[in-house]
Amino acid sequence: MALQTTGSVGLSAEMKTFYDRLLLERTVPVLLYANFGQKRTIPAGTGKIIEFRRFSGLAVATTPLTEGALYTNLKDLTVTAITATPVQYGDAVGFSDVVSTVAFDPLLTETTEILGEQAGETIDEIVRDIVVAGTTVLYASTAVSRVTVGAAMIFSPAEIRRAVLQLKLNRAKKINGFYHAVIHPRTTHDLISSQEWRDAQVYGQTGRVFDGSLGTLYGVKFWESDKATVYVNGGVTATVDVFATMIFGANAYGVVGLSGHNLRTIYKPLGSAGTADPLDQQQTQGWKVMFTAKILNDAFMVRFEHSTSTAAN
């Protein structure tokens with residue numbers, strides 16, 4: 001008789017719901033870059049390519065109208081089409097029938113939590129790598145390119161003001177009242193050492209919602225991630241690590257999923273492989289998702305490149 005597990009031919013509906021929810025609970029806190037993208041889902045049966053349509057604004061109309069004359073100077077709208085195609089990602093782990101029998105921990109629950117963290121980190125890194133390739137770039141201090149970033153060119157409140165100015169000049173709108181920035185812990189170390197930062201947090205506590213962010217300064221809300229991009233030895237004479245702080249406005253980029261292919265957990269119990277596993281010795285648990293990200297407007301985000309005071313290089 002084959003070893004019976006939670007649903008010998010698959011998870012019961014209740015258990016599947018539990019594990020899917022557990023996977024998402026462990027995935028969502030890891031997502032930072034993905035949180036600030038414009039969310040879109042491609043409906044089932046409509047292919048897997050989505051088209052974003054970006055409308056350009058019109059120049060101001062400063063010429064007075066002529067009384068009684070028919071207006072004929074009609075303008076054409078300029079539309080830019082941006083397409084994106086979701087791609088599948090996933091991973092799985094396998095364990096034997098013996099592990100299921102002798103393990104002290106609730107194996108499927110622990111595995112789901114580990115897979116959830118992996119899925120979250122995977123999704124966020126993929127989104128990060130897409131948006132960090134944007135073309136709106138500022139460099140700390142007097143640097144004019146990545147290779148000219150020196151060891152003392154750290155991210156400071158003055159640099160935040162420069163980034164905010166750039167976003168305002170580009171007419172980037174805020175997200176829930178703020179621009180948002182994802183920074184590396186080493187960048188955090190430098191930023192919170194400044195008196196400007198400390199004063200802003202002390203005097204700005206009234207009405208603050210503690211949502212996991214580090215705090216705000218000059219209209220930017222800061223979030224910390226050790227996954228923030230680092231260009232190792234990218235600076236002066238290839239001996240300085242260069243850190244990329246991304247600062248976003250609304251609609252800078254999109255995150256696209258395909259209906260029916262949202263993040264989910266997949267469990268294949270003992271005995272589900274048929275003759276491929278004649279002795280019911282193997283079972284697997286994994287996750288799968290189909291999505292992508294796409295830059296929609298480079299002008300609505302800034303990649304600020306700088307060094308830090310505590311980096312190894």
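Biologist: How do you know that the charged end of R146 sits over the ring of Y231?

Modeller: The charged end of R146 is 3.5 Å from the centre of that ring. The rule asks for NZ of Lys or CZ of Arg within 6 Å of the ring centre and within 35 degrees of the ring normal. R146 therefore counts as sitting over Y231. This is a predicted model, where local features need pLDDT of at least 70, side-chain atom pairs count only at pLDDT 80 or more, and totals for chains, interfaces and linings use all residues. Residues are numbered from 1 along each chain as its sequence is written, and side-chain values use heavy atoms, without hydrogens or water.

Biologist: What makes Y33 and F248 an edge-to-face pair?

Modeller: Their ring centres are 6.4 Å apart and their planes meet at 85 degrees, so the pair is edge-to-face. Rings of Phe, Tyr and Trp (its six-membered ring) pair if their centres lie within 6.5 Å; planes under 30 degrees apart are stacked, over 60 edge-to-face, the rest tilted. Y33 lies in the loop between helix 1 (13–27) and strand 1 (38–42), and F248 in strand 10, 215 residues apart. Ring pairs also join Y33 and F248 into a cluster with F36, W223 and Y253.

Biologist: Why is the pair of Y89 and F291 called tilted?

Modeller: The planes of Y89 and F291 are 50 degrees apart, with 5.4 Å between centres. Y89 is in strand 4 and F291 in strand 13, 202 residues apart.

Biologist: Why does T136 count as buried?

Modeller: T136 has 16% relative accessibility, so T136 falls under the limit. T136 sits in the loop between helix 3 (107–131) and strand 5 (137–139). A polar atom of the T136 side chain lies 2.8 Å from the backbone oxygen of D298.

Biologist: What comes just after helix 4?

Modeller: R171, which takes a positive phi of about 60 degrees.

Key:
Helix = DSSP H or I, 4+ residues; strand = E, 2+ residues; numbered from the N terminus. Buried < 20%, exposed > 50% of the residue type's maximum accessible area, 1.4 Å probe, protein only. Polar contact = N/O pair within 3.5 Å; in protein donor to acceptor, adjacent residues only side chain to side chain.
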